[in-house]
Amino acid sequence: MTDGNQTSATITSLPERTPERTSEGQPLSPADPKGPAYRIPPHNLEAEQALLGAILVNNGAYERVSEFLQKDHFADPVNGRIYEACGKLIERGQMANPITLKNFFDQDGSLADVGGAQYLVKLAASVVTVVNAEDYGRTVYDLYLRRQLIDFGETVVNEAFKHDLDATAESQIEAAEGRLFGLAETGRSERGFQTFSKAMADSIEMAASAYRREGGLAGVPSGFSELDKMLGGLHYSDLLILAGRPAMGKTALATNVAFYAATRTLEQDDRYVVAFFSLEMSAEQLATRILAEQTGIPSEKIRKGELNDQDFQKLVQATQRLERTPLFIDDTPALPVSSLRTRARRLKRQHGLHLIVVDYLQLLQGPVGGRAENRVNEISEITRNLKAIAKELHVPVIALSQLSRAVEQREDKRPQLADLRESGSIEQDADVVMFVFREEYYLGRAEPVRRPEEGDEKFHDRHAQWQALCESAYGKAEVIIGKQRHGPTGKITLRFDGNTTKFSNYVADDHLPDTY
């Protein structure tokens with residue numbers, strides 16, 4: 001037995017195996033020149049045997065491959081079972097060698113076909129060094145991926161030939177993309193341990209990047225100075241919930257943030273790439289909102305075409321200026337969260353990706369598809385998946401959420417964490433929970449009405465107080481940060497222009513909203 005410090009590897013006298021087998025255990029044979037030709041799936045039994053021999057000689061070789069190699073990756077299922085048995089013993093803290101595995105072979109009659117325990121002895125005896133164990137493992141893994149690609153291609157063809165009314169061509173494409181991406185990520189998803197020095201270096205690099213960046217932000221900028229100051233930007237891998245009652249301006253605020261980020265530059269003049277999943281509004285409606293924000297023309301006039309020559313010129317100029325903005329909109333209704341993941345992965349591969357916005361959470365379908373019996377559990381599954389997407393793609397995910405009607409029953413209409421609709425694990429999974437609140441909306445619907453027993457003077461006093469409150473709240477909106485893992489909670493004030501559905505930075509005693 002030799003240790004792993006040698007610098008070369010030689011495998012001698014590998015045990016002969018007949019017949020060769022596929023991953024399903026079927027015999028492999030070369031194509032008969034007289035019969036119909038067929039191709040044998042790629043495999044390398046010598047590499048499998050060399051790897052097993054290296055593990056039996058030095059169990060440390062198992063640690064080099066166990067992170068990415070599994071028993072199913074072996075073309076010969078017998079070799080896969082030996083690899084699994086070695087892993088079980090090693091993980092228990094025991095030695096895996098021909099002697100400790102002898103009982104395993106004696107109890108499994110099917111292993112007698114390969115020579116029983118003598119096969120293990122031949123594997124171990126054929127190895128001179130274990131230094132190339134990881135290379136053997138990579139070879140086994142690469143050939144497994146090739147066999148899976150062959151199987152994948154056959155499956156895609158067979159599914160396309162089926163005439164299933166419930167499986168549209170689009171859904172088959174999404175399923176195929178998801179499986180292909182999963183295959184590409186096989187063996188990579190397990191990050192494993194990293195040293196504290198590595199984690200600390202990443203933290204310092206993030207701080208240095210924030211220091212160099214204008215505004216000192218560690219994440220994606222939102223466009224609102226006070227919000228960025230409190231959050232430090234939209235942090236990568238974070239799930240941010242933006243909640244509010246209808247007509248509070250959730251979509252408008254999310255659109256403002258998404259568009260602002262897409263117009264900012266990263267290093268080397270690259271821009272932040274933003275994916276906006278709009279399950280409620282169409283892409284055309286979102287584009288109209290953005291044009292209204294940028295031109296100052298009310299969105300209602302744009303929709304109705306009530307434009308003069310000056311307005312039309314503004315639209316043309318804005319369109320030319322914004323047409324290359326890397327903001328991608330997907331307005332597919334009732335989108336399953338699995339499809340959202342697939343499309344976000346595709347966008348990141350093709351164009352890069354820095355921010356995802358989902359409008360809104362309750363309109364997504366759960367991972368399985370369709371409605372679950374327990375809606376709370378389904379929403380919990382959706383939020384867990386959104387958090388997983390944020391971590392996997394290393395981007396902030398902003399998910400809009402509705403609030404329960406309990407808000408309307410209180411005198412103070414400002415939302416709280418308990419108001420999250422079908423909350424489940426929304427609060428638990430989210431890194432940041434923000435609420436949009438516009439007191440102006442509620443005051444406008446609460447104009448005092450004269451009471452039968454009320455005199456003129458008292459009614460006029462109440463009405464004057466109401467008018468004063470309306471004037472104080474006019475054009476203002478609050479963003480309430482109810483939860484933040486990385487920093488403080490609190491409230492910031494923004495300007496809101498209802499005609500153009502535009503939020504902007506608030507400046508006291510300034511009735512004109514700031515522009516980007």
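The model is predicted. Its protein chain has 18 helices and 11 strands, and 44% of the 516 residues count as buried. Among contacts in the chain with a separation of 6 or more, 69% join residues 24 or more positions apart.

**Nonpolar cores**

- The largest nonpolar core takes in 80 residues, and the members touching the most others are Ile-241, Ile-356, Val-358, Leu-386, Ile-398, Met-434 and Phe-503.
- Helix α10 (residues 250-263) supplies the largest share of this core, with 8 residues.
- Take Val-358: leaving aside residues up to four places away in sequence, Val-358 touches Phe-277, Leu-279, Leu-340, Leu-364, Leu-386, Val-397, Ile-398, Ala-399 and Leu-400.
- There's also a second, separate core of 36 residues, with Phe-74, Val-78, Ile-82 and Leu-145 among them.

**Helices α1 and α3**

- The axes of α1 (residues 45-57) and α3 (residues 77-91) come within 10 Å, crossing at roughly 20°.
- With that angle, α1 counts as roughly parallel to α3, and their crossing is left-handed.
- On the α1 side, the contact uses Leu-45, Glu-48, Gln-49, Leu-52, Ile-55 and Leu-56; α3 brings Asn-79, Ile-82, Tyr-83, Cys-86 and Ile-90.
- By type, the residues of this α1 and α3 contact split into 8 nonpolar, 2 polar and 1 charged.

Methods:
Residues are numbered from 1 along each chain as its sequence is written. This is a predicted model: local features need pLDDT of at least 70, side-chain atom pairs count only at pLDDT 80 or more; totals for chains, interfaces and linings use all residues. Side-chain values use heavy atoms; hydrogens and water are left out. A nonpolar core is a set of buried Ala, Val, Leu, Ile, Met, Phe, Trp, Tyr and Cys residues joined through side-chain atoms within 4.5 Å. Buried means under 20% relative accessible area, exposed over 50%, partly exposed in between (1.4 Å probe, protein chains only). Helices (H or I, at least four residues) and strands (E, at least two) are DSSP runs, numbered from the N terminus. Contact means heavy atoms within 4.5 Å. Axes are lines fitted to C-alpha atoms, for helices over the stretch in contact, and angles run from 0 to 180 degrees between N-to-C directions. Angles under 35 degrees count as roughly parallel, over 145 as roughly antiparallel, 65 to 115 as roughly perpendicular and the rest as oblique. A crossing is left-handed if the near helix is turned anticlockwise from the far one by less than a right angle, and right-handed if clockwise. Ala, Val, Leu, Ile, Met, Phe, Trp, Tyr, Cys and Pro count as nonpolar, Asp, Glu, Lys and Arg as charged, and the others, Gly among them, as polar.
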